Amino acid sequence: PHAGPVESKNEAAMSELVPEPRQKPVVPMKPMGINANLLGYIGIDTIIEQMRKKTMKTGFDFNIMVVGQSGLGKSTLVNTLFKSQVSRKSSGWNREEKIPKTVEIKAIGHVIEEGGVKMKLTVIDTPGFGDQINNENCWEPIEKYINEQYEKFLKEEVNIARKKRIPDTRVHCCLYFISPTGHSLRPLDLEFMKHLSKVVNIIPVIAKADTMTLEEKIEFKQRVRKELEVNGIEFYPQKEFDEDLEDKTENDKIRQESMPFAVVGSDKEYQVNGKRVLGRKTPWGIIEVENLTHCEFALLRDFVIRTHLQDLKEVTHNIHYETYRAKRLNDNGGLPPMTAETEENHESNL
């Protein structure tokens with residue numbers, strides 16, 4: 001009878017020590033599709049229009065590089081792509097103008113406007129590439145130029161007082177012109193693509209495709225694809241960067257059927273069946289540049305400009321530039337080396 005209150009005290013003490021059973025965490029419900037009729041219109045979809053307005057105000061940069069031996073119609077093709085004289089054509093070498101001893105790099109900037117959208121286009125030409133007797137390492141100045149643009153962007157990015165919009169001079173796309181020999185790729189082609197595919201988006205193009213018959217063209221395209229595969233050369237769009245099944249299906253079709261694009265460029269207009277078309281006149285008729293039965297120029301144009309332009313910019317920024325940036329910061333223990341000028345800026349900022 002006397003033990004009762006003592007026991008009850010002990011029980012109370014025990015209950016204080018024993019933790020209460022935890023409640024199970026509430027599992028969040030799956031987001032449900034809201035019935036717009038019930039709740040009315042919110043307006044989330046206007047974000048697309050807001051982004052469009054901002055892009056139209058600021059415009060955007062696109063930098064395209066053309067590489068290949070002289071005489072393959074690089075300038076003509078770029079002019080045809082953008083339907084304007086964006087690349088200077090060298091109409092044969094003048095006596096004063098000697099063939100460049102090494103690869104020169106010339107960048108020409110333009111602003112192209114269409115439908116209220118402004119594009120700051122830079123065409124980077126590489127005269128002298130593959131034109132020497134000894135073309136050993138002639139891709140080095142090109143790789144140096146591409147890396148210099150990454151370096152320029154990185155320096156702007158790590159500045160304490162950095163610009164809101166860093167000028168983008170990075171090469172988004174490199175059109176590599178393959179000579180229409182009908183045989184196989186030259187060692188120079190393989191060497192260039194092997195080195196440069198790691199730092200830039202390479203799109204292989206068979207130049208002056210009107211010099212081959214349809215059978216020769218199909219055979220040459222298959223041979224080039226096989227050689228690139230055997231040599232482990234990745235061209236754009238790279239398999240490992242496909243983000244989803246839709247991208248993979250679309251890009252697989254391009255990789256297996258279209259690449260490398262066999263193209264013909266021309267900035268001359270002709271009248272065909274009452275329509276004005278860009279083309280090349282031959283004794284047998286007019287080769288229409290934008291006619292898919294004549295050449296694959298329209299496929300290349302749609303690919304570079306109408307479907308993959310934004311992706312070319314994103315892969316450049318998120319993959320190639322990111323790789324350069326990580327390596328650069330890693331080698332320098334975190335930051336690019338400070339020059340006297342940047343040190344002064346740093347101190348004044350502090």
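These questions and answers walk through a predicted model.

The model is predicted: local features need pLDDT of at least 70, side-chain atom pairs count only at pLDDT 80 or more, and totals for chains, interfaces and linings use all residues. Residues are numbered from 1 along each chain as its sequence is written, and side-chain values use heavy atoms, leaving out hydrogens and water.

Reader: Is helix α4 (residues 74-81) largely enclosed or exposed, and how many of its residues are buried?
Author: Buried means under 20% relative accessible area, exposed over 50%, partly exposed in between (1.4 Å probe, protein chains only). Helices (H or I, at least four residues) and strands (E, at least two) are DSSP runs, numbered from the N terminus. The cover of α4 includes β1 (60-67), β3 (117-125) and α9 (297-307). Helix α4 is largely enclosed by the rest of the structure, because the buried residues number eight of the eight.

Reader: Which side chain meets arginine 52 in a salt bridge?
Author: A salt bridge is a side-chain nitrogen of Lys or Arg within 4 Å of a carboxyl oxygen of Asp or Glu. Arginine 52 is partly exposed at 43% relative accessibility. At 3.0 Å, N to O, the partner is glutamate 49.

Reader: Which side chain forms a salt bridge with glutamate 156?
Author: Glutamate 156 is partly exposed, with a relative accessible area of 21%. The two side chains meet at 3.5 Å, N to O.

Terms used
Contact means heavy atoms within 4.5 Å.
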